Amino acid sequence: MTELVENPKLCQELLTKYGSPLNVHNFSSMARNITELREAAAEYEVDFQIYLARKANKTLGAIDKAFAEGCGVDVASFHELDQCLKRGISSDSLIVTAAVKSQALLELAVQNNVVLSLDNEDEVDDLLQIANATNTPARVALRLASADPQIPPTRFGLSAERWLEFLGGVTNQKALEVIGVHFHLNGYDGGQRAAVLQESLDLVDALRQQGHSVKFVDMGGGIPMSYLDDSIQWRGFWEALAELPEGDESLTWKADRLGATGPQASKALYPYHQQLIRGPWLEQILTTKGADGSQSVAEMLNERGIQLRCEPGRSLLDGCGLTLSQVAFTKERSDGVSLVGLHMNRTQCRSTAADFLVDPLLVKTAGRHSRQLAPYSGFLVGAYCIEEELILRRRFEFPQGVAKGDIVAFPNTGGYLMHIIESASHQLPLAKNLKWDDGQWDLDGIDEIRLG
């Protein structure tokens, strides 16, 4: 990423050839991220496996790299599963975690012996019909909704009590091969992960007593990473925002507080600075003692011979991509607020959070301007024809000025920021995806869904 933004000529050539915005990938950093997690688990002799969250980045290069590094893939739709199977990824290296599963998805998973994370009783009924009709047992993991009052409520899964009761009433026990327990938690709290892991192991014990051969517990995604090295920057932004008088637009569009109610970071955004990430975060979980203080989570897993699984997206793709966009214009809002228009829309650098709090980089186009530009201060706006079409909701300073034809680079967007909510509204084309591979730039062969 650093080398690319320091080469304005190359950035310009890529945008001229492939259009704006452009997602640029180099997946070599994924190996570093995977190794960090594996080494933490190995320190405590825990059987451990990683599944890349497919939804975090839609490129084929991402799944190819994960599989080459010995990881599996977590898929959340029929198309994602079909794509991975056609890519040669083995059924043992796949898990289906879709929140809503179509009949076609269930059938494809059963046909290919892919593990399904089951969410609710209606879903199980659909699956049992397929398994019974085809005389093919379905391999499943039960998605657990924690009963711990300290854990926030979740829409995913059922309680351990409900799962055990439901399974006891299944007529054809051989139709379901329960081999795992799975859970999804919102947020990045390692203490909550440790608590629900212990709860999951209690369910494992109960399932084994019912005769099920449970082999793994999957703690889902939410493994933290840090976009920012400087905690002072992170805290300083929120403190400065809180100090502004109401209506002051010197930091954000229309004085937007981004969900914050004081000088602390808003919970409406990803925590872009985190102290404990990946390996050290996992180590904290594995060393957490149970309620009686006798065993750590690692010891509990090892005693039962249970594999620990996880499904990171963002933290595996840390350092793997950035987004380039060309400046279309500079102008003023009707009341004089300065704007910088980009050839992209707000869905192309955004996750489900309120904003992306990493500073973009200005790439001045070599030889573009014949005169020295004055410093500029303004907001980045995009291509959709609505007043709130902000690429990022913060104001930015351009000490060297900015003009049409310059390039704005958004660093480290490979995890979720490029694709999770990308839209082709206004019939604008989706961004091309480029990857650095064997010393050359190649378009990623994304197999797009075609309708009609």
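What follows covers the barrel, the pockets and the cysteines.

A word on the ground rules: this is a predicted model, where local features need pLDDT of at least 70, side-chain atom pairs count only at pLDDT 80 or more, and totals for chains, interfaces and linings use all residues. Residues are numbered from 1 along each chain as its sequence is written, and side-chain values use heavy atoms, with hydrogens and water left out.

Let's start with the barrel. Eight strands form a closed barrel in the order 2-3-4-5-6-7-8-9, and the pairing is parallel. Strands here are DSSP runs of E with at least two residues, and helices are runs of H or I with at least four, both numbered from the N terminus. Two strands pair if DSSP finds at least two bridges between them. On average, neighbouring strands of this sheet are turned by 30° against each other, direction ignored; the angles are taken between axes fitted to C-alpha atoms, on a scale from 0 to 180 degrees between N-to-C directions. Zoom in on one pair: strand 4 (residues 94–96) and strand 5 (residues 115–118) run parallel and are joined by two bridges. There, I95 stands opposite V115 in strand 5.

Now for the pockets. A pocket is an open set of points on a 1 Å grid over the protein atoms alone, where a 1.4 Å probe fits, with protein on both sides within 12 Å along at least five of seven lines; lining residues have an atom within 4 Å of a point. A volume is the space filled by probe spheres set on the points.

| Pocket | Volume | Lining | Nearest the centre |
|---|---|---|---|
| Largest pocket | about 1000 Å³ | 34 residues | H184, N186, Y188, T352 and Y416 |
| Second largest pocket | about 720 Å³ | 25 residues | V358, D359, P360, R394 and F396 |

The lining of the largest pocket has 14 nonpolar, twelve polar and eight charged residues. Helix 10 (231–243), strand 12 (361–363) and strand 14 (396–398) each give at least two residues to the lining of the second largest pocket.

Finally, the cysteines. C310 counts as buried, at 0% relative accessibility.

Key:
Buried < 20%, exposed > 50% of the residue type's maximum accessible area, 1.4 Å probe, protein only. Nonpolar A, V, L, I, M, F, W, Y, C, P; charged D, E, K, R; others polar.
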